[in-house]
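Look at the model below before reading on.

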Amino acid sequence: MAGPLWPRSRRGSTDEALIRAVYEEHGNALLAYATRLTGDRATAEDVVQETFIRAWRHSDALVNGKGSVRGWLLTVARNIITDRYRAKAARPAEVAESPATPPVEEDHADSVVDTMTVLGALDRLSPEHRDVLTELYYRERSVAEAADSLGIPAGTVKSRSHYALKALRETFREGNRSSVPQQPAGLREVVA
């Protein structure tokens with residue numbers, strides 16, 4: 001394995017030795033303190049790691065002779081824990097997705113694709129068939145109401161809806177068989 005990307009300076013190697021010595025002397029006490037504050041060992045280990053990264057970046061604070069090194073480390077750890085707590089409190093609570101707790105807003109992509117597929121299939125129908133299906137399914141009218149609206153007998157509405165649905169099924173079957181749906185044979189001829 002190749003060496004580091006840049007040569008180490010004397011100060012870098014002395015900082016590293018200093019941090020190792022500080023970790024050996026104060027690491028266990030700092031971990032115990034962080035575990036007590038967080039209540040979670042894994043989180044406490046992350047806090048200790050971040051504390052020593054900050055100590056390495058500010059190694060002059062460890063050797064300036066102003067105050068206790070352990071006191072400085074404990075203060076940094078407490079500040080990190082406080083920052084994490086505040087950041088977590090600022091975000092909404094995370095809820096695991098499960099069948100018992102469905103998402104607040106479901107993904108509507110499937111319904112958009114379904115709508116586009118149905119509209120494309122409806123365009124392939126004759127206007128008479130399309131009008132009957134529109135009245136019955138989109139406007140949710142009864143057979144009698146659709147017949148009144150279209151000005152045709154109720155029996156014709158039933159007949160056209162039967163053949164229109166049959167033609168739609170065929171269109172969907174053909175669409176599944178090939179990537180480019182073909183116009184079903186006899187769609188225009190099935191008008192009652």
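The largest nonpolar core in this predicted model has 16 residues. A nonpolar core is a set of buried Ala, Val, Leu, Ile, Met, Phe, Trp, Tyr and Cys residues joined through side-chain atoms within 4.5 Å. Buried means under 20% relative accessible area, exposed over 50%, and partly exposed in between, with a 1.4 Å probe and protein chains only.

**Cores**
- Leu30, Ala34, Val47, Val48, Phe52 and Leu73 have the most contacts inside the largest core.
- The elements giving two or more residues to this core are α1 (10-38), α2 (41-57) and α4 (69-90).
- Apart from this core lies another, of seven residues, including Leu122, Ala164, Ala167 and Leu168.
- Leaving out residues up to four places away in sequence, Phe52 touches Ile19, Val22, Tyr23, Gly27, Leu30 and Leu73, where contact means heavy atoms within 4.5 Å.

**Overall make-up**
- The protein chain has eight helices and zero strands; helices (H or I, at least four residues) and strands (E, at least two) are DSSP runs, numbered from the N terminus.
- Of the 192 residues of the protein chain, 23% count as buried.
- Among contacts between residues at least 6 apart in sequence, 57% join residues at least 24 apart.

**Helices α5 and α6**
- The axes of α5 (residues 109-123) and α6 (residues 127-138) come within 10 Å and cross at roughly 145 degrees.
- Axes are lines fitted to C-alpha atoms, for helices over the stretch in contact, and angles run from 0 to 180 degrees between N-to-C directions.
- Val118, Leu119, Leu122 and Asp123 of α5 make the contact with Arg130, Leu133 and Tyr138 of α6.

**Glutamate 140**
- Glu140 lies in the loop between α6 and α7 (143-150).
- Glu140 has a positive phi of about 50 degrees, although it is not a glycine.
- Most residues other than glycine have a negative phi.
- Glu140 is exposed, with a relative accessible area of 67%.

**Confidence and conventions**
- The mean pLDDT (the predictor's confidence in each residue, from 0 to 100) of the protein chain is 80, and 79% of its residues reach 70 or more.
- Over residues 1-10 pLDDT stays under 50, and the model has one contact beyond four places in sequence for them.
- Over residues 179-192 pLDDT also stays under 50, with 29 such contacts.
- Where pLDDT is low, the predicted coordinates should not be read in detail.
- Residues are numbered from 1 along each chain as its sequence is written, and side-chain values use heavy atoms, leaving out hydrogens and water.
- In this predicted model local features need pLDDT of at least 70 and side-chain atom pairs count only at pLDDT 80 or more, while totals for chains, interfaces and linings use all residues.
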